[in-house]
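Dear colleague,

Please find below the structure that I am handing over to you.

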Amino acid sequence: MKVIFLDVDGVVNSTSFENEHPEQYVDPVRMSLLKRLILESGAELVLSSGWKIWFDENMQPTEKDAKRLADLFLENDIHVKMKTPDFSTEEIRKTRKYSLVKGQEILAWLHDNPQVTDYVILDDRLLTEEAIIEKQVHIDSYVGLTEDDVKKALHILRVNRCGIEQIEDQENKREISRKILEGLPDWFGIESSREEYIKDSEDQMFFVAIEDDIPVGFLCLNETGKDTLELTVMGVLPDRHRSGIGRKLFQIAKHRAKEMNYSFLQVKTVKMGKYEVYDRTNRFYLSLGFKELEVFPTLWDEHNPCQIYIMSI
């Protein structure tokens, strides 16, 4: 189990953001970066911020401001289910110097949760306990969480980082899609269809998974209506199957679609029960949360009935 200990002020908001937006609790850009860190690491969030005193043991807010913060997390599909114990005194609460005991609280939580394998601390205050110094990402409170902070956190969490990037260059899209699809003959063995996927990818939203500077998978989204994107093609090299790359690609693409205010995703594949190779694809889409919408028996041809899946995002 991997864990992110989360401070709030100075991490998902910042001094510069508060100066410009005094009525807003969190910076959407910082929240998006936090969400990406969660998706790429698979880590659980533990609230270590002084804000935790306004949440009960079930992580339900007990104050109006805490309720507003909790709602903002949920709006960004970020779930905080745990918090560190509270060792603060009346004096600490009065002066808001929660960092004086924060390190002790984190160590106590870790002692009570031996299942944790890796953890990172995101905080704008440098905690001094020797046991946790190397586990901290010290955030600049003036700017909040940054891309570099996310990279440092992933390194501390020992994530075998498969970076996900969205690219725009059409030549790169062609090269990457060709390399991946030609390596998947069981799914893309018909040359004319494969070439069509490659050509179409040029003008679509294109996400690539990169390991050690080598593309190992990609995914394309294309608008089919003002509220809907279609997952038009997706592929991961065979030796990287069942490594979580496809799921990570999808989660990042889904997150981007949500940021762009789309409401639905759809995908087409061959109906379950026709071919074992496509049955695996069907099971993968179902595991992502897609639901069956409709089957078109002859949209492609009678041997390949088209199953349409849909998902609300």
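A residue is called buried at under 20% relative accessible area, exposed at over 50%, and partly exposed in between, with a 1.4 Å probe and protein chains only. By this definition Leu100 is exposed, because its relative accessible area is 53%. Leu100 lies in helix 5 (residues 99-112); helices (H or I, at least four residues) and strands (E, at least two) are DSSP runs, numbered from the N terminus. Between Leu100 and Phe87 there are 9.5 Å in space, C-alpha to C-alpha, and the two are 13 residues apart in sequence.

The model is predicted: local features need pLDDT of at least 70 and side-chain atom pairs count only at pLDDT 80 or more, whereas totals for chains, interfaces and linings use all residues. Residues are numbered from 1 along each chain as its sequence is written, and side-chain values use heavy atoms, with hydrogens and water left out.

Regarding the sheet, five strands form an open arrangement in the order 3-2-1-4-5, with parallel pairing (two strands pair if DSSP finds at least two bridges between them). Its edge strands, each pairing on one side only, are strand 3 (80-83) and strand 5 (136-138). Neighbouring strands of this sheet are turned by 30 degrees against each other on average, direction ignored. Axes here are lines fitted to C-alpha atoms, for helices over the stretch in contact, and angles run from 0 to 180 degrees between N-to-C directions. Five bridges join strand 1 (residues 2-6) to strand 4 (residues 118-123) in the parallel sense, and Lys2 stands opposite Asp118 in strand 4.

Helix 2 (residues 28-41) lies across strand 1, strand 2 (44-47) and strand 4, at about 165 degrees to strand 1. Helix 6 (residues 147-156) lies across strand 4 and strand 5, at about 170 degrees to strand 5.

The largest nonpolar core has 41 residues; such a core is a set of buried Ala, Val, Leu, Ile, Met, Phe, Trp, Tyr and Cys residues joined through side-chain atoms within 4.5 Å. Helix 10 (residues 245-259) gives the most to this core, with six residues. A second, separate core of 36 residues includes Leu37, Ala66, Ile78 and Val120.

Finally, the structure holds zero disulfides, a disulfide being a pair of cysteine sulfur atoms within 2.5 Å. The sulfur of Cys306 is 18 Å from the closest cysteine sulfur, in Cys220, and is therefore too far for a bond.

Yours sincerely

How values were computed
Contact = heavy atoms within 4.5 Å.
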